[in-house]
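User: I am new to this structure and would be grateful for a close look at the place where its two chains meet. Please set it out as one connected account.

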Amino acid sequence: MKIKHEKSETSRQKEQPVKARRDKWVLCLYVAGQTSKAVTAFKNIKLICEEQLKDNYQIKVIDLLKNPHIAHDDQILAVPTLVRKFPLPVRNIIGDLSNTESVLVGLNIR
Amino acid sequence: MKKKEVQAQRKTLPKAPTSIQGLDEITGGGLPKGRPTLVCGGAGCGKTLFAMEFLVRGATLYNEPGVFISFEETEQELTANVASLGFDLDSLVKRKKIWLEHIHIERAEIEQSGEYNLEGLFIRVHHAVESIGAKRVVLDTLETLFSELPNQQILRMELHRLFQWLKRKGVTTIVTAERGEGALTREGLEEYVSDCVILLDHRVIDQSSIRRLRIVKYRGSSHGTNEYPFLIDEDGFSVLPVTSLGLDHFSSSERISTGIPRLDTMLSGKGYFRGSTVLVSGTAGTGKTSIAAAFVEAACKRGERVLFFTFEESPNQIVRNMNSIGIDLEPWVKKSLLQFHATRPTLYGLENHLSTSIKLVNDFKPGIVILDPINAFVLGENQTEVNIMLVRLVDFLKMKRITAFFTSLTSGNDNMESTDVYVSSLIDTWLLVRDLEFGGERNRGLYVLKSRGMAHSNQIREFILTNHGIELLDVYVGSEGVLTGSARLSQETKDDAEQLLRQQEIGTKQFSLERKRDAMEAQLVVLRSEFEAEEAEANKVIKIEKARNERFTQDKVKMGKSRRGDVIIKTSGTNKKKRNI
């Protein structure tokens, strides 16, 4: 659990300085606690992003258990949900992202 | 401890009152507390409103805050939609009594990759419940998830988990669902929600819409199983559980005047029973409304409140028409003892009529309710429905100890008694007014067809509408049969003439008798005077004879003396004897 959490922290820290770049992809991963699905989902998206976007991305992990109101604000129903906030339009992918193909379709990378 | 508590709870099955008019009566107190209830029905049957009213009543009346999770309408839409029913959601939301949560999902934006769960929904419900300490939750309409989210298997598992979770939380939940083909719900939600299922129905029969509610199941509790009509109006939801009331209403032995003295006499001298049901039926123009108006006036004079439902005439028209027979209803309207309610029967459905009637009765609290006429409701083949509605209405009025007065128009051709047979059993006192057609004119006849619990007259009475009210006359029953109107009048004159003639004859006879007596007496006088004359004559003769006789005796004595015989005494003795003879 803790390890996962640090990871998300580090990724956020890593990405933040480069945020200035316009074409940087912004992805939000909504999870509810450090469940195995959440961990799998994070691993999967990280892998995909590394492959496809190199450094040109930023992943925010949002734990709904800690901030339940975000679920309301961002209209999250299923977890894990990956939301592509940038580039627009916003796109949602639900599930543990184990199907790489559909993630790529969902993110419109291909 | 906990186990014991649970067992104790099971025994009584705690219920969450809905305060929806009538629903608590048929469910025996409300929905199962702390359990989910499924409310299903077709589009536009009032599921959302039902759920919303449950929440609002809970929040305002029972201090049970509620969460409304809407999958279809936004918070703003919901607030606007129910504002027309007098629910101020904005204020309730501000006071943390209600929490509105709109869950927006759009299939087009969602891609699935791998397994997911609905923890996000759980978190949101949980967050909402915790934020205001909610005791009630509504999920409207959960089935939207099925069309918007991929992978039904996961969805079903998650829903199952959701209901378990809600039960654990101990919140009373309403889940709404669309009605499916051949099943209660489109997605089979009844599998998950098995404690209480309420079915709402909205159907159209003969162009009039009828809303009905049925409790399909209610685990662990008895409940009314019928279809109950319900209504959505400006006061929200109301179910009419009147058929469940049964026949245990109180019967008063108090009597109230009909407003027509001689009709009172026909009903064993006192009039109708209070709280009974009176029907006046008859063909067109026989004065049914007039009889009703007489009753109304009498009631208002006693200071009772009367609610007059009219389905054919406007209140003004009735007031004007009744004025012409000397019944002035206007002062009672002004004193608000009399309230008219005029609607066209076709304006809305029967159930709607019934519930508006019941509402008006509850508001106005009358002692007497008039329905003029009841068969205005019969359109086409809906007589059974009309009958059911009337049974409900009569039951309701009897419960309230309100005297019900119905008029019914019968067609002249049919047998009048059988025409109204569908309401016959409801009626306590049934007056029949009919046309008596005779000698080229129509006259009104009235008789008491039945009157439960009193010795009533069996006479047919002719009644006339005069400019000072309704008058009942005796119809002519004589050698010529039953006569009314001018036939009766002419027969009466004829009778009068005959009687006069007879009287005259008697007079003549008496007169001649008198004269005979006079003649006889006159003769008597003559006879007597003749007799007296004869008597006097006879006496005279007798006197003369006597005198002669005496003289003869004296002569004899003298002769004897002169002859010196001793027969003086003897002869005087024989003389005496002779006279005596």
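**The contact between chain A and chain B**

Strand 4 (residues 91–94) of chain A and strand 6 of chain B run parallel and are joined by 3 bridges. Two strands are said to pair if DSSP finds at least two bridges between them; helices (H or I, at least four residues) and strands (E, at least two) are DSSP runs, numbered from the N terminus. Within this pairing, B:Glu111 in strand 6 of chain B is the bridge partner of A:Ile93.

The model is predicted: local features need pLDDT of at least 70 and side-chain atom pairs count only at pLDDT 80 or more, while totals for chains, interfaces and linings use all residues. Residues are numbered from 1 along each chain as its sequence is written, chains are lettered from A and ligands numbered from 1 in the order in which they are written, and side-chain values use heavy atoms, with hydrogens and water left out.

The contact (heavy atoms within 4.5 Å) takes 27 residues from chain A and 25 residues from chain B. The size of an interface is often given as the accessible area lost when the parts come together. Here the two chains bury about 2,100 Å² between them, with 60% of it on carbon and sulfur atoms; this buried area is the accessible area (1.4 Å probe) that two parts lose on being put together, summed over both.

Across the interface of chain B and chain A, 16 residue pairs are in polar contact, both residues being at pLDDT 80 or more. A polar contact is a pair of N or O atoms within 3.5 Å; within protein, one must be able to donate a hydrogen and the other to accept it, and residues adjacent in sequence count only if both atoms are side-chain atoms. On the side of chain B that touches chain A, the elements giving two or more residues are strand 5 (98–102), strand 6 (110–112) and helix 6 (119–132) of chain B. Helix 6 of chain B supplies the largest share of that side, 6 residues.

Just after helix 4 of chain A, A:Asn108 takes a positive phi of about 60°.

Strand 5 of chain B is largely enclosed by the rest of the structure, because 4 of its 5 residues are buried. This strand pairs with strand 4 (residues 66–70) of chain B in the parallel sense over 5 bridges, and B:Ile98 is the bridge partner of B:Gly66.

How values were computed: Buried < 20%, exposed > 50% of the residue type's maximum accessible area, 1.4 Å probe, protein only.
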